[in-house]
Amino acid sequence: MTILHGGFLLAEQLFHPKALTELTKSDWEHVGQPIVEALREISSATTCSQPFAWKKKALIIIWAKVLQPYPVTPSDTDTRWQEDVFFSVGNMIPTINHTVLFELLKSLEASGLFIQLLMALPTTICHAELERFLEHMSVDTSSEDVAFFLSVWWEMMKHKGNQQDPLLSQFRTMAHKYLSSSDEFSHPPKRFKSDPEVCPTMPLLAMLLTGLKQIQNRILCPGMKCCALANLADMLTVFALMEDDPQEVSATVYLDKLATVISVWNSDTQNPYYQQALVEKVKEAERDVSLTSLAKLPSETIFTGFEFMCSLLREWGKELQTMLNSSQGTSYDSYRLCDSLTSFSQNLKLYLDSTSLSKEERQVVSELAECVEDFLRKTNRVLKNKGFEKDITASIAMAIIEQKMDRHMEMCYIFASEKKWAFSDQWLACLVNNWALFREPDLVLKLLETVMEVTATDRAIPESQIKQVIGLILECYADLSLPDKNKVLSGTLLSWGRKGLSENLLAYLDGFQEDLNTTFNQLAQSASEQGLAKAVASVARLIILHPEITVKKMCSMAVVNLGTHKFLAQILSAFPALRFTEEQDPNASTTFVVSCLKETVWTKFSTPKEEKQFLELLGCLVSPVKPQGIPVAALLEPHEVLKEFVLPFLMLDVKEVDLSLKIFLQTLEANACLEEYWLQTCSPFPLIFSLCQLLDCFSKYWQLPKEKRCLLLDGKDLVVHILEILCEIVLANAETFSPDTWIKSLSWLHRKLEQLDWTVRLRMKNLFEGHFKCEVPATLFEICKLSEDEWTSQAHPGYGPGTGLLAWMECCYISSSISEQMLSLLVVDVGNPEEVRLFSKGFLVALVQVMPWCSSQEWQYLYQLTRRLLEKQLLHVPYSLEYIQFVPLLNLKPFAPELQLSVLLLRVFQFLCSQSCRNWLPIEGWSHVVRLLCNSLTNLLDSVRMIQSVGPWAQGQEQDLTQETLFFYTQVFCHVLHIMAMLPHEVCEPLYVLALEILTCYETLSKANPSSSSLLQKVNEQRFLKSIAENISPEERRQTLLQKISNF
């Protein structure tokens, strides 16, 4: 501040004996030079780190001195020393007047600083100071005064304020203190009426408009006339005609405007910005093209402005048209005039069309519009034939990015998209220095698109540069959040498909295969939720480089590596972008993940474990487990799973049918509680029919060639179970169908089922209830009391006279509820021995006909039915003496049903193995019926053990059932060996194991109760069992059985 003090001392000496408070405009040229030079020295001092800030501080001190109340009393001095931060320095400056301040600002061409400081003042002082400034400008107005006034006006419109500037805040605080202690500012200036509701800039602009009128006749040169008209047009456009919240121009238009402005400056040697650095030009150009308003000028001011503009155009129009159409180069003032008038003209037309105006007002606006349009029509060369340099656009955009100026993020988008700029030295340097700004998904995608497109052209770009740029982009991608990474991945898949970046950039992706192998080796070794975030980050990089290879590798690994499927499913589920449909085939609806699963693992399983892992993998992809901190989403929809992995494989001769059914069941059970009725998208009734068709195939199961039987007969239970669940879900959601659609759907299904076995349609009993009667063979009515309201007869081939019991039994194995109903409706007179005998014979024949085609569950229903018939004495099974050496004096009543069941099963197999039936079944069929037999006999053994251990005869009475139980074991053993002797050796293994188990049961019970039999009795039984076992072949089985019996 010593320099400033010295400047004022010199000025004071030059003006002596007069005081500086008496200085006038005409004195300034002689007196003001030392002050101007002092300020310039402060601004350009090399030792000063912030010259502009020091210049601002100096001007604040000078203005504070001007505002300081005068004269100063000793008490005021003491107070200001304590409270006024500017007083200590300002006290060194002699007392000065406003002329010194305004002339100094004009000499320094500091219009911008003037407006900053003016707008920082309290409203009353602000208006008073502007009033003084306008009065100062209107006295002895010179061309310099006009230029400064126009610059101040322009700065006023560009001013946006800086609430964070501490210097301005201190200046405002100081001015407030002066305001409260002075009468000078107690009244607003005569031309200003205070209104607290009005934006502070609006009255100031109105005052400046008045000021322009005062100095109008002193505006002589064409450049200043252009500037005055441009200012007036901009003021009326921005603060009168534009919408309250105008839409910001697009970034491209904004950049083009900046380029045009700077191009004009570069060609206009008289412009103050001509020699400034590009960054400074851009900062100033940004202010020039970004005028905004928070309020509107009063209507009175607006129409004053309209009339004044019309007057000026008429007065200056011809002169300016001549100048603008001359061959001289375009100056910034002439460019601004044409650009501002063009914008004004467009907005004026909109104003005229959309605003309610009086007749007089409309006439004013119409005349002005015509005047402006006429002027522009005669001067259109300026904007149409600018011929400005355009190669600076890239430099401007990059300068905005480098300096993080206004709208720099929008410039990043232009930077990332412009193919012509890409890979220039300047572009590369900008990306290297500012890569952190590009950590947004859309920017990453734009950069990738640019790199992909440019590298696909014939441009000669060093490989090292391409690799460097790709590396920077991948760093930006790596720093994104997971949702943002998914946005990039989604865009990558949409643009370049399953190949990802490798489509064009594979040659520049060094080490991709090594990274892939390393990453998946690590995943296999650390498949735990703790390392999930790290694993997701590693896979994210690979998946964008080559989505197909990465996802296929994960699918394969999830199936082959035991225990990794859940972890890998979590990783995959972190990338919902993978749920995209490839567009090569317009009719295709298969998503990318499904394609990868089908191409990599589906139909290629080598072990049941792999099938199980695949099943669980699908479940995790449909219903992902949500780990903490990582957002996941389902990659597969239930309907998609059914469509891709179930529906095409619901046929008995397709080898994937078993796994498809398991997938079907898992999908139904896992998603049964979903609020949305997702099955609707799968066409549930055709789905039901597909299952029914599969079920129908089982009625001819053993007639089919082996290669057509890809599902075990027990798979029928799974089909039935799925069908039951499916029907339950459909029934539960019946209200989602319109009544008409529901009836039509049921009718369609009922009609389609007529092609299938009648038992299949009977399984749909619950679904059709209330709409269709149960259709059964007519012969069923011969043995059942069926209600005609619920049942109806129909002629079925193969169900002639005497087949009623067969049809009845086929109803019974459908479900336990139908079995109970059939039993209750059965017509057999227990009091008529002949009727019971005939029924029993018929039952045995029907059982022989039904058993080979029964699944395990169906056979279990028949097994339970048989027990019930025995209990009700509806079924008579005579017990022969073929395996009894002597009449036992035993209480066999507790075991009567079990013994009868064992004999009945023996009779069934005697029938099956007879000459007339033995050709019914292939070897697999015999294996199946043996399994059914073993299940039933195992149930019998369990039942006998239960009776023997907890029956009423074991409740503390002397007589136990050991002898009876041993007798039962002997009989069942004989029956099993009898059946083995009738069957092919290769299917007897389960029966052989069962025989050994029976002998073990016999031995265990016998040794546990040594007193239950005499030694002679034990020897006789042992000899008897050996005689039975002697008939068994092959030799090794016979010897094992004999050895086991010898150990008793």
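1. Buried means under 20% relative accessible area (1.4 Å probe, protein chains only). Helices here are DSSP runs of H or I with at least four residues, strands are runs of E with at least two, and both are numbered from the N terminus.

2. Before going further, please note that this is a predicted model, in which local features need pLDDT of at least 70, side-chain atom pairs count only at pLDDT 80 or more, and totals for chains, interfaces and linings use all residues. Residues are numbered from 1 along each chain as its sequence is written, and side-chain values use heavy atoms, leaving out hydrogens and water.

3. Now find Glu898 in helix 44 (residues 896–912). Glu898 is buried, with a relative accessible area of 1%. Its side chain joins that of Arg867 in a polar contact of 2.5 Å (a pair of N or O atoms within 3.5 Å; within protein, one must be able to donate a hydrogen and the other to accept it, and residues adjacent in sequence count only if both atoms are side-chain atoms).

4. Stepping back, the protein has 49 helices and two strands. Its C-alpha trace spans about 160 × 65 × 65 Å along the principal axes. Of the 1048 residues in the protein, 52% are buried.

How values were computed:
Buried means under 20% relative accessible area, exposed over 50%, partly exposed in between (1.4 Å probe, protein chains only).
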